[in-house]
Amino acid sequence: MLENSIGPVPLQAYLIVAAFLFCTGVWGLINSRNAVRVLMSIELMLNAVNINLMSFSSYIDGSIIRGQVFSIFVITVAAAEAAVGLAILLSLYRNRVTIDMESFNLLKW
Amino acid sequence: MNIAYSTELICFLILSAVIVSGSLAVVLLENIVYSAFLLGGVFMAVAGLYLLLNASFVAAAQILVYVGAVNVLILFAIMLVNKKEKLKPIKGLKTRKLISGGVCGGLLILLLRVSITTKWNLPGPTSIGEEATERIGEHLFTDYLLPFELASILLLMAMIGAIVLARRDISISTGDINDFKNKKSLINKKIPLLSENSLK
């Protein structure tokens, strides 16, 4: 528990920050009407996951640091996702001349 | 409590305050340009947390990839699609925000409860220091070799896909571009961002 940890910052503090970041990202993902802000919220959520991976890697995994390798893969996938997402956004803007998320309802039944 | 402990604690508190307030501002601010710049600040603060966790290589990768690439890409996208448009008011937007806020708050409470009440079997943080980069390299080329190669293929596919998706339909003839004598010719042509048939 807390007294076992060597540093002054317990593992729980990192987890709390990551949980807050993740929930902010989820709220923004649901409620944003600007399509660029939706992509920003996804980036926030991915960063929260990365904080979790890094803190567990440092506190539990010892010197094997598998969590750091995983977070590097997450960073890679996030970069690819941002590029493709913004390209989709640009072509949507060319076709619809708006970036309001409420107007992209072509697939709604 | 010696000075190293208190310094680390103060750094953690400042970084987490920046992360929490910055992420709220990214989601809540009206102006999207401010949101984009604050997002860069949040990414920098997350990189600071990685430094506190003895992971200098991932902190550098975070700054290079997120602040240097993703954030700049988002800023360019904002510049390309920045049109002041009046959003149509929707019925029940307030209730939707309240309900989703309740759901997200519940999720937050659940996550906090799990992370606080679980008895983590902690050996404690290991200060691996400069060795971390070597370990990551060993992992990438031994037991995580296949995901590493797949990541390179993924990046290639994302690059080609982004080019294909964002390509303009109008083609500019190379004669116009190589026309050095009258350099103004490309500017005078006024090639629009939106193609002609998409506006109809």
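B:Asn54 sits in the loop that runs between helix 2 and helix 3 of chain B. The model is a predicted one, and the values below are computed from it. Chain B is built with nine helices and zero strands. The largest nonpolar core holds 68 residues, and the largest pocket has about 790 Å³ of space.

- The phi angle of B:Asn54 is near 60°, which is a positive value in a residue that is not glycine.
- Most residues other than glycine have a negative phi.
- B:Asn54 counts as partly exposed because its relative accessibility is 25%, which falls between the 20% limit for buried and the 50% limit for exposed.
- A:Val97 is another residue other than glycine with a positive phi, here near 55°.
- The place of A:Val97 is the segment that follows helix 3 of chain A.
- With a relative accessibility of 24%, A:Val97 is classed as partly exposed.

**Chain B as a whole**

- Along the sequence, the pattern of chain B reads α-α-α-α-α-α-α-α-α.
- Chain B has 200 residues, and 28% of them count as buried.
- If contacts in chain B are taken between residues at least 6 apart in sequence, 49% of them join residues at least 24 apart.

**The largest nonpolar core**

- Which residues touch the most other members of the largest nonpolar core? They are A:Met40, B:Leu49 and B:Ile74, out of the 68 residues in this core.
- From chain A, two or more residues of this core come from each of helix 1, helix 2 and helix 3 (66-96). From chain B, helix 1, helix 2, helix 3 and helix 5 (131-141) each give two or more.
- Helix 2 of chain B provides the largest share of this core, with eleven residues.
- A:Met40 touches several residues of chain B: B:Val26, B:Ile32, B:Ser35, B:Ala36, B:Leu39, B:Ile74 and B:Ile78, when residues up to four places away in sequence are not counted.
- In soluble globular proteins, nonpolar side chains tend to be buried together.

**The largest pocket**

- The lining of the largest pocket consists of 26 residues. Those nearest the centre of this pocket are A:Arg33, A:Asn34, A:Arg37, B:Glu30 and B:Leu87.
- Sorted by class, the lining has twelve nonpolar, nine charged and five polar residues.
- In chain A, helix 1 (11-31) and helix 2 (35-59) each supply at least two residues of this lining.
- In chain B, helix 1 (3-28), helix 2 (32-52), helix 3 (56-81) and helix 4 (93-117) each supply at least two residues of this lining.

- B:Ser100 is part of helix 4 of chain B, while A:Asn31 is part of helix 1 of chain A.
- Is B:Ser100 buried or exposed? B:Ser100 is buried, because its relative accessible area is 6% and buried means under 20%.
- A:Asn31 also counts as buried, at 9% relative accessibility.
- Apart from its neighbours within four places in sequence, B:Ser100 is in contact with A:Trp27, A:Ile30 and A:Asn31.
- A polar atom of the B:Ser100 side chain lies 3.0 Å from the backbone oxygen of B:Lys97.

**Two pairs of residues in chain A**

- A:Val49 belongs to helix 2 of chain A. At 34% relative accessibility, A:Val49 counts as partly exposed.
- What distance separates A:Val49 and A:Ser71 in space, C-alpha to C-alpha? The distance is 8.3 Å, for residues that are 22 residues apart in sequence.
- A:Ser103 is found in the segment after helix 3 of chain A. A:Ser103 has a relative accessible area of 17% and is therefore buried.
- A:Ser103 and A:Ala79 are 24 residues apart along the chain, and 27 Å separates their C-alpha atoms.
- Leaving out neighbours within four places in sequence, A:Ser103 is in contact with A:Arg96 and A:Thr98.

Conventions: Residues numbered from 1 in each chain as written. Chains lettered and ligands numbered in written order. Predicted model: local features only at pLDDT ≥ 70, side-chain atom pairs only at ≥ 80, totals over all residues. Heavy atoms only, no water. 1 Å grid on protein atoms, 1.4 Å probe; cavity = no way out; pocket = protein on both sides within 12 Å on 5 of 7 lines; lining within 4 Å. Points joined across faces, edges and corners; volume = space filled by probe spheres on them. Helix = DSSP H or I, 4+ residues; strand = E, 2+ residues; numbered from the N terminus. Nonpolar A, V, L, I, M, F, W, Y, C, P; charged D, E, K, R; others polar. Buried < 20%, exposed > 50% of the residue type's maximum accessible area, 1.4 Å probe, protein only. Polar contact = N/O pair within 3.5 Å; in protein donor to acceptor, adjacent residues only side chain to side chain. Contact = heavy atoms within 4.5 Å. Core = buried A, V, L, I, M, F, W, Y, C linked by side-chain atoms within 4.5 Å.
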